[in-house]
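Subject: Handing over the structure

Hi,

Here is the structure I promised to pass on to you. Have a look at it first, and then read on for my notes.

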Amino acid sequence: MAHRKTVNTMWLDAVNMLDRADQLHRQFFRLGSAQSRGPSWEPPADIFETPDTLSVMVALPGIAPDNLQVTIEHDVLHIHAHRPMPGPRGAHLKRLEIPYGHFERHIRLPSGHFQIQDSSLSQGCLTLTLKKLR
């Protein structure tokens with residue numbers, strides 16, 4: 001009897017983990033509908049704050065610098081770009097895990113005023129240094 005309970009518990013844990021993984025996948029990629037012209041995915045970002053600056057790192061592998069638009073409007077940092085779908089013409093898609101297409105990332109900034117002091121796109125990461133204006 002104890003063996004059956006252990007197997008059922010393990011099965012329930014496995015199903016719960018698969019549900020959570022699916023939920024995280026949908027949250028991370030935020031896939032848009034085929035009919036939508038809006039953004040189809042949202043890249044992950046890390047934010048670090050010092051007394052004088054805010055550093056923002058956004059994972060953008062495969063994005064060309066001239067394809068990228070970064071602006072600050074009011075208290076929101078806007079990052080827009082498009083990652084084109086690679087692959088040879090006429091190839092049949094077997095698996096698609098990397099998000100492609102138009103994306104937007106909106107990051108609400110802490111209170112205050114900021115100016116983009118430095119930006120770089122290196123090794124698939126956009127790094128922004130925002131100077132706090134006093």
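Trp-41 and Phe-103 are both buried, where buried means under 20% relative accessible area, exposed means over 50%, and partly exposed is in between (1.4 Å probe, protein chains only). These two residues make up the one aromatic pair that the structure holds. Their arrangement is tilted, with 4.6 Å from centre to centre and 45° between the planes. For the term itself: rings of Phe, Tyr and Trp (its six-membered ring) pair if their centres lie within 6.5 Å, and planes under 30 degrees apart count as stacked, over 60 as edge-to-face and the rest as tilted. Trp-41 sits in the loop between α1 and β1 while Phe-103 belongs to strand β5, so the pair ties together parts that are 62 residues apart in sequence. Helices (H or I, at least four residues) and strands (E, at least two) are DSSP runs, numbered from the N terminus.

Before you go further, please keep in mind that this is a predicted model, in which local features need pLDDT of at least 70 and side-chain atom pairs count only at pLDDT 80 or more, while totals for chains, interfaces and linings use all residues. Residues are numbered from 1 along each chain as its sequence is written, and side-chain values use heavy atoms, with hydrogens and water left out.

Now to the core. Which residues touch the most other members of the largest nonpolar core? They are Leu-68, Leu-77, Ile-79, Phe-103 and Leu-130, out of 17 residues in that core. A nonpolar core here is a set of buried Ala, Val, Leu, Ile, Met, Phe, Trp, Tyr and Cys residues joined through side-chain atoms within 4.5 Å. At least two residues of this core come from each of β2, β4, β5 and β7.

Not counting residues up to four places away in sequence, Ile-79 touches Val-58, Phe-103, Arg-105 and Leu-126, among others; contact means heavy atoms within 4.5 Å. Ile-79 and Leu-126 are 47 residues apart in sequence, and their C-alpha atoms are 9.9 Å apart in space. Leu-130 has its own set of contacts, again leaving aside neighbours within four places in sequence, including Val-56, Leu-77, Phe-114 and Ile-116.

Next, the sheet. Four strands form an open sheet in the order β1-β2-β7-β6, with antiparallel pairing. β1 and β6 (113–122) stand at the edges with a single partner strand each, so one side of each is left without a neighbour in the sheet. From one strand to the next the twist averages 15°, with axes as lines fitted to C-alpha atoms (for helices over the stretch in contact) and angles running from 0 to 180 degrees between N-to-C directions.

Two strands pair if DSSP finds at least two bridges between them. The pairs are as follows:

- β1 (residues 45–49) and β2 (residues 53–59) pair over five bridges, with Ile-47 partnered by Val-56, and they form a hairpin with three residues between them.
- β2 and β7 (residues 125–133) pair over seven bridges, and Met-57 has Thr-127 as its bridge partner.
- β6 and β7 pair over nine bridges, with Leu-130 as the bridge partner of Ile-116. This hairpin has two residues between its strands, and Gln-123 in the turn has a positive phi of about 50°.

Finally, how many salt bridges does the structure hold? There are four, a salt bridge being a side-chain nitrogen of Lys or Arg within 4 Å of a carboxyl oxygen of Asp or Glu. One of them joins Glu-42 and Arg-105, whose closest N and O atoms are 4.0 Å apart. Glu-42 is in the loop between α1 (2–29) and β1, and Arg-105 is in strand β5 (residues 101–108), 63 residues apart. Both of these residues are buried.

Another salt bridge links Lys-132 and Glu-49, with the closest N and O atoms 2.6 Å apart. Lys-132 lies in strand β7 and Glu-49 in strand β1, so the pair ties together parts that are 83 residues apart in sequence. Lys-132 is buried, with a relative accessible area of 18%.
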